[in-house]
Amino acid sequence: PESTHKEIQMGALRLPALTSIFTSSSSVRSSPAIFPLKHHLRLPLRRPFSAQSTTEKVVAPELGDGKGKVVDKDKDRVITPRSQDFNAWYLDVIANAELADYGPVRGTMVIRPYGYAIWEAIQEYMNVKFKETGHSNMYFPQFIPYSFIEKEASHVEGFSPELALVTVGGGKELEEKLVVRPTSETIVNHMFTQWIHSYRDLPLMINQWANVTRWEMRTKPFIRTLEFLWQEGHTAHATAEEAEEEAMQMIDVYTKFAYEQAAIPVIAGRKSRVETFAGASTTYTIEAMMGDRKALQAGTSHNLGQNFSRAFGTQFTDENGQRQHVWQTSWAISTRFVGGIIMTHGDDAGLLLPPRLAPVQVIIIPIWKKDNEKAGVLTASSSVKETLQAAGIKVKIDDSDQRTPGWKFNYYEMKGVPLRIEIGPRDVSSGTLVISRRDIPGKQGKVFGISMEPSALVAYVKDKLNEVQSSLLERATTFRDSNIVNVSSYDELKEAIAQGKWARGPWSAGDEEESKVKEETGATIRCFPFEQPEGPKKCLMTGNSADEVAIFAKSY
């Protein structure tokens, strides 16, 4: 096998290159090393993503006393405080909220039902938007001939270190090795060349929901794994203007989704040349600030120009009978967005989900002490559930006898459910109930005496869900803005990055200076934001005049 690639022998399920991959000190991209081998041991504690921090923990319920207090530290599910060890906190939340688990191949993950339900909510919204903007869903094979990848020079150079190759199939050596899909520009172009003949065939606008394999050196669940899920859109156009308009339209779709659905105040902009997608003319991005102030590239849209159409000979006959190469775009968001939601909104109690993406928006907890109270409480609870469900609210009732109400409160807080309804015997007799907001802890977030009358209750719950959605966005925006520093010199930039903040300053220097910033500070240009300040500017590095400001930050 070639030393630059990780060969997979599918037939015998042999992975000869695994040891070299995970002992390699070189990394394609810098990211904290997760998935240490010891976590594959299944201990009775069952904390698969724990970073094994030995420091003091905050309880997340499993065997608590119903009041959220630790009974036995060795048996309880616990969440490391976020401020103490952000990475350990992140892994604890994923494990305790049952979002994902490790796959048997190191660097892979199993997305559990609750985590997948968040991804489904993203899919549902996106599918509507893609179709509204004229795209159709389809599917391309995940095996791509290696020769396809080699056709576009910068593409093969950019992806070589991450490729997984199949060399054996059906027990025989393959004539041509196959690449397990890292992205689909090459195979899409191969097919577009067969489908596009005339200007009447344009624009051609498709999307696929698929899995992708990139052999990452350092992995982190949802954020960077060997295999992940995504959507990738691919379009072909008759003119450069149309392709640019499409690339901009799709980054706008992603931006609106981030703000309105995920409550994440991303900054949209253009990538620097160094950070542009391998094979694209221009890459547009949305950058999000996580709770540890690192940047997360949460979605990208690429104007591919004619790079792939020239490599694959994707041409059409224009209205004047001339043969022209098509202009193309591609754009994607992935399951990495789920990680972004966890790291933007989560707190020491666990996950905190924006209502519009929450698999369960309202949890009903019936409370009774005596057996003769149970039937009345459960009947009222079921009635409330039916009322809310009929109004399109995602609601669940937990009427299990095995756990105390206090345990259930903690459990659903940790799962990030936006609203909790409590119904006890007194509430039944007064025709009211209690509602608690997940984003406002304790008594401040609790309101008593809400009427069970259907229309009043539905209006109140919808109103509260909207309030939670707005407050999450507002909180994240305040956090983002208070951690971006305007800088006008390299020293100021270095100081801002050293404090863990984002630095925003004028930039017109070259690729070499950009690489120097990365080497010396660990920060990269996240984007040149679309929203730019007015007036003349001087490059923070060279002192020459600059047309725009760039944002620098350390990133995932």
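Here are some notes on the chain as a whole and on a few of its salt bridges.

1. First, keep in mind that this is a predicted model. The chain holds 15 helices and 28 strands. Of its 556 residues, 55% are buried.

2. Next, the contacts and the surface. Take the contacts between residues at least 6 apart in sequence: 70% of them join residues at least 24 apart. The accessible surface is about 24200 Å², and carbon and sulfur atoms account for 51% of that.

3. Now to the salt bridges, of which the whole structure has 19. One of them pairs K415 with E98, with 3.3 Å between the closest N and O atoms. K415 sits in the loop between helix 11 (405–414) and strand 20 (419–423), while E98 is in the loop between helix 2 (86–96) and strand 4 (100–102), so this pair ties together parts 317 residues apart in sequence. Both K415 and E98 are buried.

4. D511 and R273 also form a salt bridge, at 3.1 Å from N to O. Here too distant parts of the chain are linked, 238 residues apart: D511 belongs to helix 15 (residues 511–521), and R273 to the loop between strand 12 (267–270) and strand 13 (282–289). D511 is partly exposed, at 31% relative accessibility, whereas R273 counts as exposed because its value is 65%, and the cut-off for exposed is over 50%.

5. Last, have a look at R420 and E413, whose salt bridge has its closest N and O atoms 3.2 Å apart. R420 is buried, with a relative accessible area of 9%, but E413 is partly exposed at 27%. These two belong to a network of salt bridges that links E413, R420, E422 and K446.

Terms used. Residues numbered from 1 in each chain as written. Predicted model: local features only at pLDDT ≥ 70, side-chain atom pairs only at ≥ 80, totals over all residues. Heavy atoms only, no water. Helix = DSSP H or I, 4+ residues; strand = E, 2+ residues; numbered from the N terminus. Buried < 20%, exposed > 50% of the residue type's maximum accessible area, 1.4 Å probe, protein only. Contact = heavy atoms within 4.5 Å. Areas by Shrake-Rupley, 256 points an atom, 1.4 Å probe, with all protein chains shown as cover. Salt bridge = Lys/Arg side-chain N within 4 Å of Asp/Glu carboxyl O.
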